[in-house]
Amino acid sequence: METAKISNLYTLEETIAKDLFEGAEYPWEVLPKISAFILELGKTLSEEEYEKRGENVWIAKTAKVAPTAFINGPAIIGKEAEVRHCAFIRGNAIVGEGAVVGNSTELKNVVLFNKVQVPHYNYVGDSILGYKAHMGAGSITSNVKSDKTLVVVKDGEEQIPTGLKKFGAMLGDHVEVGCNSVLNPGTVVGKGSQIYPVSCVRGVIKAGSIYKKQGEIVEKR
C-alpha cells in the first residue's frame with residue numbers, strides 16, 4: 001500500500017513533529033503517541049519564540065490567537081499560525097507554522113503540517129494533514145465507525161488493520177478537500193489529490209487524483 005506510506009504522503013521537513021514519525025511506516029501508527037510527544041517537545045521549545053499558556057499549551061509569540069478561541073493542552077501552536085474566532089482545540093494538537101484554524105473549527109489529536117488550512121467550520125479528529133493541505137468549508141473527518149469496530153485501511157483488495165477505534169483521515173501534502181465533504185474513518189488521500197465538494201470518501205485515494213464520487217476517480221492532468 002505505497003500511497004499510504006509516510007514517505008509518499010508527507011514532507012517531514014514541513015513539521016515541528018518530524019521526530020514523531022521516526023520508525024513508523026504508516027502515519028496512523030503515530031496517532032497514539034501525539035500527546036506524549038507534545039509534552040516532551042514543549043519542554044524544549046525556545047522561551048524567546050514560544051510562551052507557555054496554561055497547562056501544557058505552548059504558543060509561538062508570532063501566532064495570532066483570537067480571544068474567543070479555546071485551547072486545551074497538550075498543544076503546540078506554531079509560528080505565524082492563526083487560530084480564529086471560537087476555534088476549539090480539544091488537546092493533543094500540533095498546529096504548524098503559518099497554519100490556519102478557522103472560526104468554529106474543532107481539532108482533537110491531530111498534526112497539522114505547516115501552512116495547513118482548516119478555516120471554516122471543520123472537524124478534524126485523529127488525523128494528520130500534510131503541508132499546505134486545505135479543507136473547504138464544512139468538510140470534516142469522521143473518526144469513529146458507526147458500529148464502533150476497529151478501523152481497517154482499504155486499498156482495493158489490500159487491507160491493513162490499524163488496531164485503532166478512532167482514526168480520521170491522513171491527507172498528503174497539497175491535498176484539496178471540497179466544501180461539505182465527509183472523510184470516513186480510515187481515509188487516506190495521496191499527495192496533490194483533489195476531492196470534489198459534497199463527497200463521501202473512504203479508502204485510499206492515489207496521489208495526483210481527482211475524486212468525483214465513489215467509483216469515479218480520475219488522474220489529474
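I take a salt bridge to be a side-chain nitrogen of Lys or Arg within 4 Å of a carboxyl oxygen of Asp or Glu. The model is predicted, so I note that local features need pLDDT of at least 70 and side-chain atom pairs pLDDT 80 or more, while totals for chains, interfaces and linings use all residues. Residues are numbered from 1 along each chain as its sequence is written, and side-chain values use heavy atoms, with hydrogens and water left out.

**Entry 1: salt bridges.** I searched the whole structure and found twelve salt bridges. I looked up Glu-49 and Lys-79, whose side chains meet in a salt bridge at 3.0 Å, N to O. This pair links distant parts of the chain, 30 residues apart: Glu-49 lies in the loop between H2 and strand E1 (50-52), and Lys-79 in the loop between strand E5 (75-77) and strand E6 (82-83). Helices (H or I, at least four residues) and strands (E, at least two) are DSSP runs, numbered from the N terminus. Glu-49 is partly exposed at 37% relative accessible area, as is Lys-79 at 26%; buried means under 20%, exposed over 50% and partly exposed in between (1.4 Å probe, protein chains only).

**Entry 2: a pair within a helix.** I then checked Lys-43 and Glu-40, which form a salt bridge at 3.4 Å, N to O. They are three residues apart in helix H2 (residues 34-44), so about one helical turn separates them. Lys-43 is exposed, at 62%, whereas Glu-40 is partly exposed, at 48%.

**Entry 3: further contacts.** I recorded a salt bridge between Arg-53 and Glu-51 at 2.8 Å, N to O. I also noted that Glu-2, Lys-5 and Glu-25 are linked in a network of salt bridges.
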